[in-house]
Amino acid sequence: MSSNLYDRIVNQRGSFENLVSRIPLLGKHVESYFDMSAQRDADRIVREHIASQLRAQVVRMADAENLILDSGGLRMMSKTRAEKDRLQTLADRIGTAAPGYAFTGALKISHEQLADVFAFDEAMLRYVDQITAVVDKFVEAARTNADITGILAELRAIVDEAAHAFDLRRDVINGLA
């Protein structure tokens, strides 16, 4: 599965302009994304942006949990909390991750490896989109008192895959991929 996910992400690489358009602060640091000495700044900006987007979804889930509780859904709280915690953990891992050997100067990263990191950054943004879409379903289900079991399973699958993709990104930066 690891190599399939790695290959899929690297093969779905889009344009750098698309990545910059989705992360406004990165625009000021476009040169640093390709400058070996300043890549840590770009890496930090990308990770903080993705983590903040994920944390916003955690807040939306917490608000929806209140709707579920108000309509008598106490029995679902352990399941919703588990998925919310899983999403929070992913956001925290991304937001607080160390820059990696390549971005500390301890390891020289090639242009091909940098292109792979770029592909993983794009993939993380696609995961944010997918997670947001599932949280939209969760919020709507909470409003209408609909069953959320399938939605939580869908969220778990996406968050688990995103976490695995983030591990692969770390391996590229540390020269392990």
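Student: What is the handedness of the crossing of H4 and H5?

Tutor: In this predicted model, the crossing of H4 and H5 is left-handed.

Student: What makes a crossing left-handed?

Tutor: The near helix is turned anticlockwise from the far one by less than a right angle. H4 and H5 carry that label.

Student: Why are H4 and H5 called roughly antiparallel?

Tutor: Helix H4 covers residues 39-70, and its angle with H5 is about 165°. Angles over 145 degrees count as roughly antiparallel. H4 and H5 are therefore roughly antiparallel to each other. Their axes lie 8 Å apart.

Student: What kinds of residue make up the contact of H4 with H5?

Tutor: There are 13 nonpolar, five polar and seven charged residues in the contact of H4 with H5.

Student: How do you know that H5 and H7 are roughly parallel?

Tutor: Look at the angle. The axes of H5 and H7 cross at roughly 20° and come within 10 Å. The cut-off for roughly parallel is under 35 degrees. So H5 is roughly parallel to H7. H5 passes H7 in a left-handed crossing.

Student: Why are H6 and H7 called roughly antiparallel?

Tutor: Helix H6 spans residues 111-144 and helix H7 spans residues 149-173. They pack at an angle of about 165°, with axes 10 Å apart. Over 145 degrees is the test for roughly antiparallel. H6 and H7 therefore run roughly antiparallel to each other.

Student: What residues meet in the contact of H6 with H7?

Tutor: That contact has 19 nonpolar, two polar and six charged residues. The crossing of H6 and H7 is left-handed.

Student: Which residues line the largest pocket?

Tutor: The lining includes Ile-68, Gly-72, Gly-73, Arg-75, Met-76 and Lys-79. Asn-145, Ala-146, Asp-147, Ile-148 and Thr-149 also line the largest pocket. Its volume is about 160 Å³.

Student: What makes the lining of the largest pocket four nonpolar, four polar and three charged?

Tutor: Sort the residues by type. Ile, Met and Ala count as nonpolar; Asp, Lys and Arg count as charged; the others, Gly among them, count as polar. The lining therefore divides into four nonpolar, four polar and three charged residues.

Student: Which elements of the chain have the lowest and the highest mean pLDDT?

Tutor: Helix H3, residues 30-34, has the lowest, at 63. Helix H5, residues 77-96, has the highest, at 97. The chain averages 88, and 89% of the residues score at least 70.

Student: Why does a low pLDDT matter?

Tutor: Where pLDDT is low, predicted coordinates should not be read in detail.

Key
Residues are numbered from 1 along each chain as its sequence is written. This is a predicted model: local features need pLDDT of at least 70, side-chain atom pairs count only at pLDDT 80 or more; totals for chains, interfaces and linings use all residues. Side-chain values use heavy atoms; hydrogens and water are left out. Axes are lines fitted to C-alpha atoms, for helices over the stretch in contact, and angles run from 0 to 180 degrees between N-to-C directions. Helices (H or I, at least four residues) and strands (E, at least two) are DSSP runs, numbered from the N terminus. Angles under 35 degrees count as roughly parallel, over 145 as roughly antiparallel, 65 to 115 as roughly perpendicular and the rest as oblique. pLDDT is the predictor's confidence in each residue, from 0 to 100. On a 1 Å grid over the protein atoms alone, a cavity is a set of points where a 1.4 Å probe fits but cannot get out, and a pocket is an open set with protein on both sides within 12 Å along at least five of seven lines; lining residues have an atom within 4 Å of a point. Grid points are joined across faces, edges and corners, and a volume is the space filled by probe spheres set on the points.
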